[in-house]
Protein chains: 2
Amino acid sequence: MKPQPARRSSPGVPRCERCTLHARCLPLGLELDALHSFEAIIQVPQALKRGQALVRQGEPFENLYVVRSGSLKQSVAQPGQRDQVTHFYLPGEVVGLDAIGEAECHGSVVALESAFVCELPFTRLEDLAEQLPELRGQLYRCMSRELRRDQRMMCLLSGRTADQRLASFLLGLSERFRARGFSPFCFRLSMSRSDIANYLGLALETVSRVLARFQEQGTIAVAGREMTLLDIESLEGLAREGVGLRGVN
Amino acid sequence: MKPQPARRSSPGVPRCERCTLHARCLPLGLELDALHSFEAIIQVPQALKRGQALVRQGEPFENLYVVRSGSLKQSVAQPGQRDQVTHFYLPGEVVGLDAIGEAECHGSVVALESAFVCELPFTRLEDLAEQLPELRGQLYRCMSRELRRDQRMMCLLSGRTADQRLASFLLGLSERFRARGFSPFCFRLSMSRSDIANYLGLALETVSRVLARFQEQGTIAVAGREMTLLDIESLEGLAREGVGLRGVN
DNA sequence: CGGGGATTTGAGGTATATCAATGGCCGTGG
DNA sequence: CCACGGCCATTGATATACCTCAAATCCCCG
């Protein structure tokens, strides 16, 4: 059974021009009429409630989605293993790139809070991309950006301490919020400690402890899911911090 | 200064039709004349010696490369951190996908042994892809395959023990060799223990010890870089093995 | 045949997982 | 409105996998 997100709501055809994410979204850099062609393929936005699935692992791949508001997480189930959280998606980010050219979605994507997403049928998007070099470029760019994000993640998981992982995680979120016009210093974590731990390859208790320590040191202030970064420099110091652990030779 | 790989050697224009990798390579599925157009943009193959760089981090992105023979590794340097090995490339695999749509290469790629690569100027490839939907599809497929590979890697780094990482690593190599027509049971590791350790997020001593233990248990036979997988099932058992460690709740 | 990197092996320390119990938050229902 | 229950988060105590340091040996290459 397909997830049945509410297909109501929202002002009929979306208008990218008016969207606050315009400057960060997929159609970035399109000419005006190109933009209108692009808008034409966007389906009526979907509303998701917390915990609701946008795509389920194994479903046939049909659409990309752009997050309009709210946030989501992707997790991948592997046989005999625990689920692994692989992504958090914020507004303006594209869901589904890792399934392009594949038959099925290779991870489930679930809303972490109430969210809206724009649905883009991929075949139509591809047809359009055929005519619009700009759009093609944007697609490539999004995919390779994701590749690099994943690689940075691999670096993080590979060689860093719990402190460094958390610091990088917080800085990464901060940066993404800043880019979207939100405060980079003060934001709400829409994911649970358990999600964070899973994402960073730590035990949830460790996440809790490290955050507590950061707080003691005056680096952050955290109350439940409300996060305030007090000393970005310290965090950057931690994140950048050379080696020490898990060095190879 | 650009790396200056020997531009001699090899039979003038390469012939994909005759290439043993034909069935696994980028131009897979192209019609005959499309294939010829594709061949036309391939530069004279480059020969690389062990340790020689194919691309250096930060260089402007201009080409994709397909490995013809030999193997290479990609590593990414991050400020204040040790280099991180992010990939090993085997024949038929495409180097440079993570830089598409970007100005510069975001990692260095170095030959682990004598190697040949086909050079594909990306702008010309893109022009060609504009006319060949098949080729476009292949490009997408390669990129998303890479995305998924990276994600599997993240899972591996995130939640698994050293034994599981090594087992997965060996099985992964085995599978890739099999797919290329080499023996999946008996092969030569072209990378050092240190590279493996770095790639897997372990200390090099740990790699050595785990391999020794696998050998004691009769799962593998290893002598220096010559590797024989004796008991694939055991390895798969290890790799798949549920949880235990680093579980999240 | 010699030298230097690569690999192996050993001993000890530590970061982090695991187990366990408590405390806080929030939505639900009386 | 308050009480209840479940989930989420915190905190402590303990176990352990893996890193680090150190030294010996192997092997490749000149």
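Colleague: Leaving aside its neighbours within four places in sequence, which residues is Lys73(B) in contact with?

Modeller: In this predicted model, Lys73(B) is in contact with Val85(B), His87(B), Phe88(B), Ser108(B), Val109(B), Val110(B), Leu112(B) and Asp195(B), once its neighbours within four places in sequence are left aside. Lys73(B) itself lies in strand 4 of chain B.

Colleague: Why is Lys73(B) called buried?

Modeller: The relative accessible area of Lys73(B) is 18%, and the word buried is used for values under 20%, so Lys73(B) counts as buried.

Colleague: What makes the approach of the side chains of Lys73(B) and Asp195(B) a polar contact?

Modeller: The distance given for this pair of side chains is 2.9 Å, and the cut-off for a pair of N or O atoms is 3.5 Å, with one atom able to donate a hydrogen and the other able to accept it. The pair is therefore listed as a polar contact.

Colleague: How do you know that strand 4 and strand 5 of chain B are paired?

Modeller: Five bridges join strand 4 (residues 72–76) of chain B to strand 5 of chain B, and at least two bridges are required for pairing, so the two strands count as a pair, running antiparallel.

Colleague: What makes strand 2 and strand 5 of chain B edge strands?

Modeller: The open sheet has four strands, in the order 2-7-4-5 (chain B), with antiparallel pairing. Strand 2 (53–55) and strand 5 (84–89) of chain B each have a single partner strand, so one side of each is left without a neighbour in the sheet. Neighbouring strands of this sheet are turned by 30 degrees against each other on average, direction ignored.

Colleague: Why is Cys16(B) called buried?

Modeller: Its relative accessible area is 10%, and the limit for buried is under 20%, so Cys16(B) falls in that class. Cys16(B) is found in the segment before helix 1 (32–41) of chain B, and its contacts beyond four places in sequence include His22(B), Leu35(B) and Phe38(B). Pro27(B) is also among those contacts; Cys16(B) and Pro27(B) are eleven residues apart in sequence and 8.1 Å apart in space, C-alpha to C-alpha.

Colleague: Turning to chain A, how do you know that strand 3 is largely enclosed by the rest of the structure?

Modeller: Five of the seven residues of strand 3 (residues 63–69) of chain A are buried, so the strand is described in that way.

Colleague: What makes the relation of the two copies like a two-fold rotation axis?

Modeller: Chain B can be laid on chain A by a turn of 180 degrees and a shift of 0.0 Å along the axis, with an RMSD of 0.0 Å, and the two copies are thus related as by a two-fold rotation axis. The same surface serves both copies, as 100% of the contact residues of chain B recur in chain A.

Note on methods: Residues numbered from 1 in each chain as written. Chains lettered and ligands numbered in written order. Predicted model: local features only at pLDDT ≥ 70, side-chain atom pairs only at ≥ 80, totals over all residues. Heavy atoms only, no water. Axes fitted to C-alpha atoms, helices over the stretch in contact; angles between N-to-C directions. Least-squares fit on C-alpha atoms with pLDDT ≥ 70 in both. Contact = heavy atoms within 4.5 Å. Buried < 20%, exposed > 50% of the residue type's maximum accessible area, 1.4 Å probe, protein only.
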